[in-house]
Amino acid sequence: MNSLQNQRQILADYAEQNGHEIVGESFDDNVSGMTFQRKGLGELELAVDENRIDAVLVKDLSRLGRHRTQTALFIDHLRENNVKVISVTEGIDTANENDDLLIGFKQIFNDFYAKDISKKVRAGVRQKQKNGMVVNLPMGYYKDKNTNEVLIDEIAADIIREIFQKYIDGYGLTTIARELNSRNIKSPEYFSHRKTGAQRTQMCQKFLWTQTTVKRLLQNEIYTGTLVNHKTVTSKIYKTRSFVPDNEQYRHENFLPPIIDMNVWDKAQILLEQRPKSNVRAADGRKIHRYCGMIKCAECGAILIAKRRKYSDGTEWVEYTCNSHHRYGKEYCTPHRIREEQLDEIVTGEVLRLKNKILYESEKYDKIIKDWLKEKPRCEQRISQHKDKISVLKNQIENLIMERIGDREHAEIYNGMIKKREEEIDCLEQKIADILNYSEVSRKKKEQLKSTQQLLEEVLKEPKITDADLRLLIEKVLIHQNEDKSIDVRLEFNGDFDEKVIG
């Protein structure tokens, strides 16, 4: 006999022995007593509202609920409707005022017990998360039943790789979701449903892809092989959920076999960050145009919109034109027309120029570091001299302080002499710091330039700069149309790549 059957038998025996007629029963199996959103309590409230009962039998008060305040409120609600609660094993009757104090103590104990158990469970889960516990494997992975090893589900992994590639290639989240649905490809809910058998919404039961589904998949770092645990903290008691700061999460690098390489992952994250900022959109089923959202008119400040044009042979090309001119005509602004292939040529040329400039700067810092190494013995000698001088000045300050104590009449003079030496010490310490930092700053600058140079070389390896790399490098493209209708292009690079480039 299980726990629930045992409780029912105890209550049935009590009712029979005390002359109570059982008109119904309600129960909740495997549901926390800390919540009052329970089916069994709903049935009980309905019976109270219909005046079908005058007493509720429970094995003990914790069966009614463990939440201290909510249980007390529920008991008061029953009293207002002339319904008493009888705790069979505890001998408590809520209709008896003498039991009120005992009821209060029982509620405090039940509440504390539930919270203490919850705390211990959370602590156990937290420790498992630190050790690399996989709570739920996402689409693309499964656990071998024999070895308990996490392996790649290649069928699902191919779908994931396709989603990442399509997003990098310029397709939007909604377009990707619609295409997957048109091909009857199951969503991640299908793979989760296979493992857990959990209840799903009507949409999830159809295993349809949505924009949010695609975005969450693109944001899931587990596909790079990195498991991140303890990202959120949820309280089932208080129904709250809070996000944990990145530095407090538990990261496990190379924990799983990767489905997506880091280069693809980084590009996808750049696009996920940049596209909402530029508010780019694409026609249904088409790619997002490469420069949408970042190309603007230098005269009126409007964005340049992309238009597909066709040659007589049917070949397509993309042209950007000022949105103000497109909407309001030539009285408001000039067309500022420029082809996408022209922009690609300009950008590639400027990225190459930037790489060569960085190479030159890197070589310059090479010379600085070599010169420093030659001067290092002399610099170390100067540092030693400065330290000796500082030591002498500190001794002088100590002597002046002692003399000032014995000659209070001339304290101001002594204060001036002490201040002068303190300023001299500060100056010498700054000189020492400058000498020590010179080498470190030069070395770090050289490493930074080398890293940037390698990044640009990787970008230029492709026959055409990818959309993700384009948005990584460039913040804004400004188009200026001269009186002779010639076009000037001004590129503004992101971060430390360069300040402004005229093309």
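Good morning. The chain before you has 15 helices and 16 strands, and the model is a predicted one. I shall begin with the chain overall and then turn to particular parts of it.

Of the 503 residues in the chain, 37% are buried. The accessible surface amounts to about 31400 Å², and carbon and sulfur atoms account for 48% of that surface. Among contacts with a separation of 6 or more, 60% are between residues 24 or more positions apart.

Let us now consider a pair of helices. Two packed helices are described by the angle between their axes and the distance between the axes. Helix 7 covers residues 173-182 and helix 10 covers residues 211-219; their axes are 8 Å apart and the packing angle is about 105°. How are helix 7 and helix 10 oriented to each other, roughly parallel or roughly perpendicular? An angle from 65 to 115 degrees counts as roughly perpendicular, and therefore that is the description for helix 7 and helix 10. On the side of helix 7, the contact is made by L173, T174, I176 and A177, while helix 10 contributes Q211, V214, K215 and L218. By type, the residues of this contact comprise 5 nonpolar, 2 polar and 1 charged.

Beyond helix 10 we come to T224, which lies in the loop between that helix and strand 6 (227-229). Is T224 buried or exposed? The relative accessible area of T224 is 9%; since buried means under 20%, T224 is therefore buried. Setting aside residues up to four places away in sequence, T224 touches P258, I260, M262 and W265. T224 and L256 are 32 residues apart in sequence, yet their C-alpha atoms are 8.0 Å apart in space.

H325 belongs to helix 12, which spans residues 323-328. Which residues does H325 contact, apart from its neighbours within four places in sequence? They are K330, C333, T334, P335 and R337.

Finally, I turn to a sheet. Strands of a sheet pair through backbone hydrogen bonds, either parallel or antiparallel. Here, 3 strands form an open sheet in the order 1-2-3, with mixed pairing. Strand 1 (55-58) and strand 3 (92-93) are the edge strands, each pairing on one side only. Strand 2, residues 84-87, runs antiparallel to strand 3, and 2 bridges join them. Within this part of the sheet, I86 has D93 of strand 3 as its bridge partner.

Thank you for your attention.

Note on methods: Residues are numbered from 1 along each chain as its sequence is written. This is a predicted model: local features need pLDDT of at least 70, side-chain atom pairs count only at pLDDT 80 or more; totals for chains, interfaces and linings use all residues. Side-chain values use heavy atoms; hydrogens and water are left out. Axes are lines fitted to C-alpha atoms, for helices over the stretch in contact, and angles run from 0 to 180 degrees between N-to-C directions. Helices (H or I, at least four residues) and strands (E, at least two) are DSSP runs, numbered from the N terminus. Angles under 35 degrees count as roughly parallel, over 145 as roughly antiparallel, 65 to 115 as roughly perpendicular and the rest as oblique. Contact means heavy atoms within 4.5 Å. Ala, Val, Leu, Ile, Met, Phe, Trp, Tyr, Cys and Pro count as nonpolar, Asp, Glu, Lys and Arg as charged, and the others, Gly among them, as polar. Buried means under 20% relative accessible area, exposed over 50%, partly exposed in between (1.4 Å probe, protein chains only). Accessible areas come from the Shrake-Rupley method with a 1.4 Å probe; for residues, only the protein chains shown count as cover. Two strands pair if DSSP finds at least two bridges between them.
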